[in-house]
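Open the model in your viewer and keep the selection tool ready. The stops below say what to pick next and what is there.

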Amino acid sequence: MKDLTLTDRVGAADPATGLRAAQALHRLAEQIESAAVDHARSQGWSWEQIGDALGVSRQSVHSKYRR
Amino acid sequence: MFDRLLDRGPLGTVMKAALDEAWRRGDRRLGTEHLLLGLLHDETQARILGVTLEQARAALDALDRAALAAVGIRTDHAYPGAVNPTSSRPPLSVGSLTSNARAVVSPGAGKRPRTTEAVLESLLDCALPDPAAELLAALGVDPVRVRRRSAHPES
């Protein structure tokens, strides 16, 4: 049991559980991204640098988080 | 067309509360579980269901944590639940209803909008794996008893 891979664990669970976990992870990723972008901005990172770090364009990160 | 649901009456109030609950959780669509949370903003509906809004929010968070744990992912903080208060509000509208949520609130073409009582009835009819059914089960809500209370809300 100790060596179960993530895929094994998802395969062993009810589909509703795996799907709920995926949705919860999406939300967690959004929270981390939002907090990390705020932090980077407060440290003087440019939108370009943040976009590069996230693997998205400067425009997309700016339009998502500017305020 | 669903935007009309926000404009009027008690159902509009429930829909607005449901959208707030979806946003608060950071969900991208409005599902039946959010409609249930929206109903619980109303004290009469909460009394009929026999649970509080806080209990329902906590139960939904517990389901999320249990699902993450089942696939081997543990978080050591109070996630999921609270949205980062500094994040901008995502574009979420009544157009983002899941198909089940749409079936619960929309009576179909040419008919009058559902009442909040009818929405509660429809939510009680939901079967697993519908998210509202899962949440009601997690809360230990018995649909038969709720229907009895619903018929006599003052008793």
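**Before you start**

This is a predicted model, in which local features need pLDDT of at least 70 and side-chain atom pairs count only at pLDDT 80 or more, while totals for chains, interfaces and linings use all residues. Residues are numbered from 1 along each chain as its sequence is written, chains are lettered from A and ligands numbered from 1 in the order written, and side-chain values use heavy atoms, without hydrogens and water.

**Stop 1: chain B as a whole**

Color chain B by secondary structure. There are nine helices and zero strands. Helices here are DSSP runs of H or I with at least four residues, strands are E runs of at least two, and both are numbered from the N terminus. Of the 155 residues in chain B, 45% are buried. Buried means under 20% relative accessible area, exposed means over 50%, and partly exposed lies in between (1.4 Å probe, protein chains only). Contact means heavy atoms within 4.5 Å. Among contacts in chain B with a separation of 6 or more, 62% join residues 24 or more positions apart.

**Stop 2: helix H7 of chain B**

Select residues 116–125 of chain B. Which residues of this helix are buried? They are B:Thr116, B:Val119, B:Leu120, B:Ser122, B:Leu123 and B:Leu124. These buried residues pack against H2 (9–25), H3 (32–39), H4 (43–49), H6 (99–105), H8 (131–138) and H9 (143–151) of chain B.

Now pick B:Gln45, in helix H4 of chain B. B:Gln45 is buried, at 5% relative accessible area. Leaving out residues up to four places away in sequence, B:Gln45 touches B:Leu39, B:Thr116, B:Glu117 and B:Leu120.

Move on to B:Pro129, in the loop between H7 and H8 of chain B. The peptide bond from B:Leu128 to B:Pro129 is cis, with omega near 10°.

**Stop 3: the A–B interface**

Show both chains. The contact takes 20 residues from chain A and 25 from chain B. Together the chains bury about 1,900 Å², 53% of it on carbon and sulfur atoms. Buried area is the accessible area (1.4 Å probe) that two parts lose on being put together, summed over both. Highlight A:Arg20, A:Arg27 and A:Gln31: they supply 37% of the area that chain A buries against chain B, more than any other three residues.

How many salt bridges are there between chain A and chain B? The count is four. A salt bridge is a side-chain nitrogen of Lys or Arg within 4 Å of a carboxyl oxygen of Asp or Glu. Zoom in on one between B:Asp64 and A:Arg27, at 2.6 Å from N to O.

Next, select H2 (15–42) of chain A and H5 (53–70) of chain B. They pack at about 105°, with axes 8 Å apart. Axes are lines fitted to C-alpha atoms, for helices over the stretch in contact, and angles run from 0 to 180 degrees between N-to-C directions. H2(A) is therefore roughly perpendicular to H5(B). Angles of 65 to 115 degrees count as roughly perpendicular, under 35 as roughly parallel, over 145 as roughly antiparallel, and the rest as oblique.

**Stop 4: inside chain A**

Stay on H2 of chain A and pick A:Ala36. A:Ala36 is partly exposed, at 42% relative accessibility.

Finish with H3 (47–54) and H4 (58–65) of chain A, which pack at about 105° with axes 8 Å apart.
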